[in-house]
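I begin with the overall layout and then turn to individual sites.

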Amino acid sequence: MFQDRNMTCIECGAAFVYTADDQEYHQKKCYGTEPKRCPECREARRRQARKSTRAAQLAAAAAAAPPPPPVPARVERPRAFSSEGARPGGGGGGGGGGGWGPPRGRGPGDRPLFETTCGACGGKAQVPFEPKQDRPVYCRDCFVKMKGPRGPRF
């Protein structure tokens, strides 16, 4: 029923064969027109369309994304130990393994504090971690009211 036909590409001007199998395929898919481009130009056109579609998708995703949350200001905590490194209770320096206290090279004053707003009273609070926007952070007073006072540690 179908016969091979010689055609010319409108894009590059090269001759190509519109095969009987291609014609049958186009009829089954209900394509209304015959191909006007050679297979190489058709593939190049598809690649270009995929690239522009992907670029449009990425641009739309970037435009739809919410802006990142603001970064809380860092507040430096005053150092708890003297400049010689002596700890309460006498003794100083040294620092073999074990024992109490922070790891070597890092004292309790070395950790930065982050300033944020209390989720209960709305006052300012300083916390030793970077707060996330999806969870409330409380000042010391509100935290103690919610959790109750801590007992002795032993």
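1. Read from the N terminus, the elements of the protein follow the order β-β-α-α-β-β-β-α, that is, three helices and five strands. Please keep in mind throughout that this is a predicted model, and that the values below were computed from it.

2. The protein exposes about 12,600 Å², of which carbon and sulfur atoms supply 53%. Where contacts between residues at least 6 apart in sequence are concerned, 34% of them join residues at least 24 apart.

3. Three strands make up an open sheet, arranged in the order E3-E4-E5 with antiparallel pairing; strand E3 (74-75) and strand E5 (124-127) lie at the edges, each pairing on one side only. Strand E4, which spans residues 113-117, is joined to E5 in the antiparallel sense over four bridges, and within this pairing Thr117 has Lys124 of E5 as its bridge partner.

4. The largest nonpolar core consists of six residues, namely Met7, Cys9, Phe16, Tyr18, Cys38 and Cys41. Cys38, one of these six, touches Cys9, Cys12 and Phe16 when residues up to four places away in sequence are left aside.

5. How many disulfides does the model contain? With a cut-off of 2.5 Å between cysteine sulfur atoms, the count is zero disulfides. Cys9 takes part in none, since its nearest cysteine sulfur, that of Cys41, is 3.7 Å away and a disulfide requires the pair to be within 2.5 Å.

6. Cys30 is not a glycine, yet it has a positive phi of about 60 degrees. Is this residue, Cys30, buried or exposed? Cys30 is exposed, because its relative accessible area of 67% is over the 50% cut-off.

7. Arg37 is also placed in the loop between H1 and H2, but it counts as buried, because its relative accessibility of 18% falls under the 20% cut-off. The side chain of Arg37 makes a polar contact with the side chain of Glu11, at 2.7 Å. Setting aside residues up to four places away in sequence, Arg37 touches Cys9, Ile10, Glu11, Phe16, Arg42 and Arg45; Cys9 and Phe16 are also members of the largest nonpolar core.

8. A last point concerns Gln133, which is found in the loop between E5 and helix H3 (140-147) and counts as exposed, with a relative accessibility of 56%. Which residues does Gln133 touch, not counting those up to four places away in sequence? They are Pro69 and Pro70. Although Gln133 and Pro70 are 63 residues apart along the chain, their C-alpha atoms are separated by 9.1 Å.

Key. Residues are numbered from 1 along each chain as its sequence is written. This is a predicted model: local features need pLDDT of at least 70, side-chain atom pairs count only at pLDDT 80 or more; totals for chains, interfaces and linings use all residues. Side-chain values use heavy atoms; hydrogens and water are left out. A nonpolar core is a set of buried Ala, Val, Leu, Ile, Met, Phe, Trp, Tyr and Cys residues joined through side-chain atoms within 4.5 Å. Buried means under 20% relative accessible area, exposed over 50%, partly exposed in between (1.4 Å probe, protein chains only). Contact means heavy atoms within 4.5 Å. Two strands pair if DSSP finds at least two bridges between them. Helices (H or I, at least four residues) and strands (E, at least two) are DSSP runs, numbered from the N terminus. A polar contact is a pair of N or O atoms within 3.5 Å; within protein, one must be able to donate a hydrogen and the other to accept it, and residues adjacent in sequence count only if both atoms are side-chain atoms. Accessible areas come from the Shrake-Rupley method with a 1.4 Å probe; for residues, only the protein chains shown count as cover.
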